[in-house]
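Morning, everyone. Please look at the screen, and I will walk you through one structure.

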Amino acid sequence: MLVIDHLVKTFPADKQSRRKRAAGEEAPSKVFAVNDVSFEVKEGELFTLLGPSGCGKTTTLRAVAGLDAPDSGRIAVGDRVLFENDGSGRATTVPANQRGLGMVFQSYAIWPHMTVFDNVAFPLQVRSRKTRPSNAVIRERVERVLNTMELVQLADRQATKLSGGQQQRLALARALVIEPPLLLLDEPLSNLDAKLRESLRYELKRLQRELGITSIYVTHDQIEALALSTKIAVMNAGQVVQLGKPREIYENPNCKFVAEFIGTSNFLNGKVESRSGDLYAVTTAGGPLSLSSQADLAPGDEVVVSIRPEALSLDLEGTHSGQPNVWQGKVQTRAFLGDAVDHIVLVGEQELRSRGNPSVSVQPGTQVQVHLDPSKLSLVPAG
Ligand SMILES: Nc1ncnc2c1ncn2[C@@H]1O[C@H](COP(=O)(O)OP(=O)(O)OP(=O)(O)O)[C@@H](O)[C@H]1O
Ligand SMILES: [Mg+2]
């Protein structure tokens, strides 16, 4: 439904760089906020742009919304081209107010002098006479959206007299009421406490499924991205570094950046000893490992093995004795997390985090055998 091709957006370099260049020193003349980004969002998907602060998420979203003109690339919704500039000098740009998209931005603005009901009704009321629904239809649509966002009881309240979470839901309701073909959400759950964030996260997911809205969701919160998305594009420094379903990204990160950014991981440097198809034998500081990986690496290549804490289990009964991927270690510390227990185990000179069932808790100082589940290990190229 939405296709973005080779999107580039630069901003002029800051004063310091300009001063350097003026003095004949080397400095970049511009900053690549978005540097050749391409992706496709399918009908009904909740597509997430995930990445650290400053990686270009908001800039990408603003380009789709039509709030910033990109330098080059192409943006199309269905067969409608919203932006195109192939460098030939002829650019197509559809103005933001004609793109018909719903938006909730990082700093959401509600209209303080209006009631909750009027805030939501406003985007419909200001339409031109031709496209404006009747008052009865407006009322019906507003009530339906307020209902879904659980704001009905507050319909007559002044918008300023709402809690942060209620205001955020109001901002969402206002974006939803126009029934946009594409909804753009930039950190719509920021400014909320952890509990409210979580409950709104599920509410959003339910809405998305029920209404089948196609959305682009921006967040730097990896848990939120994993919980909500049908697809994730992990961004770093203006580029998409990996694109896939949440599980694929979590289980098969394609580089160290993604493995580090998504979830907690242990990292061990290693070297590929041999390979047969997808099966790899790798030597690491902790010991030898055999595992399967989709990565394309050759014997002799330096690699990093990413080991999720839940891939590392304490084998107290010796169930895996004599098998590959079993190492000896010593428990250093443990932490009770409620639904799990973490043990830090010293293997050789390396401290590894193991996460397991809260019923298994091992005294620090105990020698243990650790088993590494080969299906939960991933290989990424070193560097
Ligand atoms: N108007 C601007 N002028 C100059 N540089 C800008 C401007 N807007 C963004 N940038 C720069 O472009 C880069 C990408 O910014 P962007 O706002 O897209 O990041 P982000 O991924 O949304 O980050 P965050 O998670 O902090 O919101 C940053 O380096 C930022 O400093
Ligand atoms: Mg941003």
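**The ligand, then the cores**

The shell around ligand 1 holds four nonpolar, six polar and two charged residues. Here Ala, Val, Leu, Ile, Met, Phe, Trp, Tyr, Cys and Pro count as nonpolar, Asp, Glu, Lys and Arg as charged, and the others, Gly among them, as polar.

Some ground rules. This is a predicted model: local features need pLDDT of at least 70, side-chain atom pairs need pLDDT 80 or more, and totals for chains, interfaces and linings use all residues. Residues are numbered from 1 along each chain as its sequence is written, chains are lettered from A and ligands numbered from 1 in the order written, and side-chain values use heavy atoms, without hydrogens and water.

Back to the ligand. Which residues come nearest ligand 1? Of the 12 around it, they are Ser53, Gly54, Lys57, Thr58 and Thr59. Near means a heavy atom within 4 Å. Helix 2, residues 57-65, gives the largest share of the shell, three residues. Helices are DSSP runs (H or I, at least four residues), and strands are too (E, at least two), numbered from the N terminus.

Now the core. The largest nonpolar core has 35 residues. Val120, Leu146 and Tyr217 are among those with the most contacts inside it. Such a core is a set of buried Ala, Val, Leu, Ile, Met, Phe, Trp, Tyr and Cys residues joined through side-chain atoms within 4.5 Å. Buried means under 20% relative accessible area (1.4 Å probe, protein chains only). Helix 5 supplies the largest share of this core, six residues.

Technical notes: Buried means under 20% relative accessible area, exposed over 50%, partly exposed in between (1.4 Å probe, protein chains only).
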